[in-house]
Amino acid sequence: MDPNYHSILNYFTNRSTNASAESFNAKIKAFRAQLRGVRRTEFFLYRLEKLFA
């Protein structure tokens, strides 16, 4: 059985996808690329929270 079987059926049943999660992941990835070399993880998480929360 296809491992994506439930996701595919979920789309047709509820008309929902994971596009919002994928978009958020892309935003985090772009943000990480901007702050390459940050030494303090706490600062990174603080900025991430303030920008996207």
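Select lysine 50, which is exposed, with a relative accessible area of 51%; exposed means over 50%, buried under 20%, and partly exposed in between (1.4 Å probe, protein chains only). The model is predicted, so local features need pLDDT of at least 70 and side-chain atom pairs count only at pLDDT 80 or more, whereas totals for chains, interfaces and linings use all residues. Residues are numbered from 1 along each chain as its sequence is written, and side-chain values use heavy atoms, without hydrogens and water.

Next, colour the helix around this residue: lysine 50 belongs to helix H3, residues 41–52. Helices are DSSP runs of H or I with at least four residues, strands are runs of E with at least two, and both are numbered from the N terminus.

Now move to tyrosine 11 in helix H1, residues 5–14. Tyrosine 11 counts as partly exposed because its relative accessibility is 34%.

Finally, display the whole protein. It has 3 helices and 0 strands, and its elements run α-α-α from the N terminus on. Along the principal axes, the C-alpha trace spans about 45 × 25 × 15 Å. The radius of gyration is 16 Å, while a compact globule of 53 residues would have one near 10 Å; this radius is taken over C-alpha atoms, and the globule rule is 2.2 Å times the number of residues to the power 0.38. Buried residues make up 8% of the 53 residues.
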